[in-house]
Amino acid sequence: QFCFLLSEWSMINHSDIVICDGLGIQDYIENRYKKLKGKTKYIAYGYEKIDFTNINENKILKKYNLNTDNYLLMVGRCVPENNYELVINDFMKSKIKKDLIIITNLSSSNYYQELLTKTNFKKDKRIKFIDGVYDKNELATIRKNAYLYIHGHSVGGTNPSLIEAISLTDLNILYDVCFNRDIGRDTCLYFKDNDSLVKLLDDKKRLDSSKKKLGIEAKKLFKGNFTWDKIVEQYKKLFK
């Protein structure tokens, strides 16, 4: 840990300007390194708009044994900080009649077995793991056709998988940390602890109404703030 902190101190103190991919990171740097106030810049990641015209969505869904709007989705590395244990436990307590599909790196993670031991998720037939989907069109199709996306990541700045999820999925439930709120803002629902995810998943009326409303608002938000054209313009302006 000391080496990481020393590396951070050295890089930041020798920088002319620090570009932060999250507002939470910008706040951290400006509070920890007072002399950098006014020398930081927030620039997020952008999202790539997917053209589904020539994508056979039905074929892809059939390949993974999925049906439109009949599953909840999580995508990310199989590590503790992505809160799989919390999500799985809360999902198992819920009465939602949909599957939970978790796409992660099963073959290269030791955490999967730990999850199984701690949660005994195999007793719940709704929970299904997929060992990585690395084809861009396939993953986009799975995101687009999910009933909702659950984002459990608790660390980092602008997470690329969150950007992709909100740009494609109409309803997103995010772990409540500043990094995720920086992106989702008022277009997503949030959970943290005290069975808050259970309460959300069991409130079908709220989920259905949010899915209709928030998806539209999210697309407007992203079109105005997270396109690569806008991100590139921010960098061009910065380096002029």
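By the rule used here (a side-chain nitrogen of Lys or Arg within 4 Å of a carboxyl oxygen of Asp or Glu), the count comes to 16 salt bridges. Keep in mind that this is a predicted model, where local features need pLDDT of at least 70, side-chain atom pairs count only at pLDDT 80 or more, and totals for chains, interfaces and linings use all residues. Residues are numbered from 1 along each chain as its sequence is written, and side-chain values use heavy atoms, with hydrogens and water left out.

Side chains of opposite charge can pair when their charged atoms come close.

| Pair | Closest N to O |
|---|---|
| Glu8 and Arg32 | 3.4 Å |
| Asp195 and Lys93 | 3.0 Å |

Let's take them one by one. Helices and strands here are DSSP runs, numbered from the N terminus (helices are H or I with at least four residues, strands are E with at least two). Glu8 forms a salt bridge with Arg32; Glu8 sits in helix 1 (residues 2–13) and Arg32 in helix 2 (residues 23–32), so the pair ties together parts 24 residues apart in sequence. Arg32 is partly exposed, at 45% relative accessibility. That label falls between buried (under 20% relative accessible area) and exposed (over 50%), using a 1.4 Å probe and protein chains only.

Asp195 is partly exposed at 33%, and Lys93 is partly exposed at 47%. Elsewhere, salt bridges that share partners join Glu85, Glu114 and Lys118 into one network.

Now for the helix pair. The axes of helix 4 (residues 84–93) and helix 5 (residues 111–119) come within 10 Å and cross at roughly 35°. Those axes are lines fitted to C-alpha atoms over the stretch in contact, with angles running from 0 to 180 degrees between N-to-C directions. Contact (heavy atoms within 4.5 Å) is made by Tyr84, Glu85, Ile88, Asn89 and Met92 of helix 4 and Tyr111, Leu115, Lys118 and Thr119 of helix 5.
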